[in-house]
Amino acid sequence: MKRKLLFVILIFSLKLSSGQDSAIIQSDELDMITNRPGATEASRAVYKKGFQIEAGLEFGQIPNFRGSSDHLQYLFLPNFGFQYGVSSKVELRIFTTNYATRSYLNSGYTQFVYELANVNVGAKINLTEAKGGLPEMAILVDQGISTRPANERSYWPTRGLLAWSYSLPSHFSLSGNFGYVNEKEYYDQYITYGHSFVYSLNCGYGIKENVGVFAEVFGIDRLNKDRSFPWNFDGGVWYRFNNKLQVDASMGYGFDVGNYYINVGVSKLFLK
């Protein structure tokens with residue numbers, strides 16, 4: 001159970017700002033820098049004085065081990081992200097979610113248990129613009145703040161991430177992330193430290209100016225390899241009603257234990 005709950009928290013950490021840079025529409029106005037769908041962090045901060053809200057619903061199932069009929073189910077109800085551009089290069093953000101979990105054991109389900117996951121606060125800083133062979137890049141730093149009572153096991157992850165992207169010919173795009181997570185686990189007056197590397201690689205394709213699809217691989221590799229989830233795949237579609245409102249749907253599968261999830265969401269940008 002501890003391993004599966006950790007997996008839910010890691011999924012939340014990977015999806016805090018789940019995004020893919022391919023959804024950029026050319027127009028005379030500023031277009032939103034979408035952070036949905038997928039697990040790849042966008043390589044650009046929200047515009048100066050821009051306020052963006054992102055929300056998603058997700059259902060997932062995690063077997064106890066590959067091939068096991070016993071499993072954990074979880075719901076994100078939903079996850080919320082709030083981002084604000086304090087300058088042309090810096091974005092402040094806060095992401096959090098309510099989630100519920102239940103277990104299937106001995107041919108029956110337990111009751112759903114509802115919790116508030118970690119609140120993550122941080123900032124994204126633009127580093128470079130795409131020029132020649134140089135990709136667009138940004139760096140993200142955030143801190144997870146546990147909402148669990150002091151007498152329960154809690155996690156306080158600190159994450160640093162490099163996000164990059166290329167625009168390719170024929171409406172294709174390529175983007176990815178590579179980062180490090182310092183995990184601090186507090187329980188019974190003891191602190192345990194963990195170290196993880198996270199990655200993603202995303203390929204997007206714009207079918208039309210306001211419709212696109214993507215596919216990506218992503219994962220987290222912990223130095224304690226017994227609790228790593230390095231190989232996950234997802235794909236999906238996004239649709240824009242205009243350059244400041246987007247809906248999306250995606251689904252993914254984890255090759256390590258055979259877990260899966262389905263996600264739908266919406267993003268809305270407000271500009272002064």
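Student: What am I looking at, and what should I know before reading values off it?
Tutor: This is a predicted model, where local features need pLDDT of at least 70, side-chain atom pairs count only at pLDDT 80 or more, and totals for chains, interfaces and linings use all residues. Residues are numbered from 1 along each chain as its sequence is written, and side-chain values use heavy atoms, with hydrogens and water left out.

Student: Okay, how many helices and strands does the protein have?
Tutor: There is one helix, along with 15 strands. Helices (H or I, at least four residues) and strands (E, at least two) are DSSP runs, numbered from the N terminus.

Student: And what share of the residues is buried?
Tutor: Of the 272 residues, 51% count as buried. Buried means under 20% relative accessible area, exposed over 50%, and partly exposed in between, with a 1.4 Å probe and protein chains only.

Student: Let's zoom in. Where is glycine 81?
Tutor: Glycine 81 belongs to strand E2, which covers residues 71–85.

Student: Why does glycine 81 count as buried?
Tutor: Glycine 81 counts as buried because its relative accessible area is 0%.

Student: Which residues is glycine 81 in contact with?
Tutor: Setting aside neighbours within four places in sequence, glycine 81 is in contact with Gln52, Ile53, Glu54, Ile94 and Phe95. Contact here means heavy atoms within 4.5 Å.

Student: Which strand does E2 pair with, and in what sense?
Tutor: E2 pairs with strand E3 (residues 90–105) in the antiparallel sense, over 13 bridges. Two strands pair if DSSP finds at least two bridges between them. E2 and E3 form a hairpin with four residues between them, and tyrosine 74 stands opposite threonine 101 in E3.

Student: What else does E3 join?
Tutor: Six bridges connect E3 to strand E6 (residues 119–128), running antiparallel, and there isoleucine 94 stands opposite valine 121. E3 is also joined by four bridges to strand E5 (residues 113–116), again antiparallel, where alanine 100 has tyrosine 114 as its bridge partner. Then two bridges join E3 to the antiparallel strand E4 (residues 108–109), with tyrosine 104 and tyrosine 109 as bridge partners.

Student: Switching to rings: how many aromatic pairs are there?
Tutor: The structure holds 15 aromatic pairs. One of them is tyrosine 74 with phenylalanine 76: the ring centres are 5.2 Å apart and the planes are at 45°, so the pair is tilted. Rings of Phe, Tyr and Trp (its six-membered ring) pair if their centres lie within 6.5 Å; planes under 30 degrees apart count as stacked, over 60 as edge-to-face and the rest as tilted.

Student: Are those two buried or exposed?
Tutor: Tyrosine 74 and phenylalanine 76 are both buried. Another tilted pair is phenylalanine 112 and tyrosine 114, with centres 6.4 Å apart and planes at 40°. Phenylalanine 112 is partly exposed at 25% relative accessibility, and tyrosine 114 is exposed at 57%.

Student: Which residues do ring pairs link into a cluster?
Tutor: Phe51, Phe80, Phe82 and Phe270 are linked into a cluster by ring pairs.

Student: Which ring does the charged end of arginine 102 sit over?
Tutor: The ring of tyrosine 109, at 3.9 Å from its centre. Arginine 153 lies over the face of tyrosine 187, 4.1 Å from the ring centre. A charge sits over a ring if NZ of Lys or CZ of Arg is within 6 Å of the ring centre and within 35 degrees of the ring normal.

Student: Last topic, the backbone. Where is there a cis peptide bond?
Tutor: The bond from leucine 77 to proline 78 is cis, with omega near -15°, and proline 78 is in strand E2. A cis bond also joins arginine 36 and proline 37, with omega about -10°; proline 37 lies in the loop between H1 and E1.

Student: What is phi of serine 170?
Tutor: Phi of serine 170 is near 60°, a positive value in a residue other than glycine. Serine 170 is in the loop between strand E9 (158–167) and strand E10 (172–187) and is exposed at 53% relative accessibility. Histidine 171, in the loop between E9 and E10, has a positive phi near 70°.
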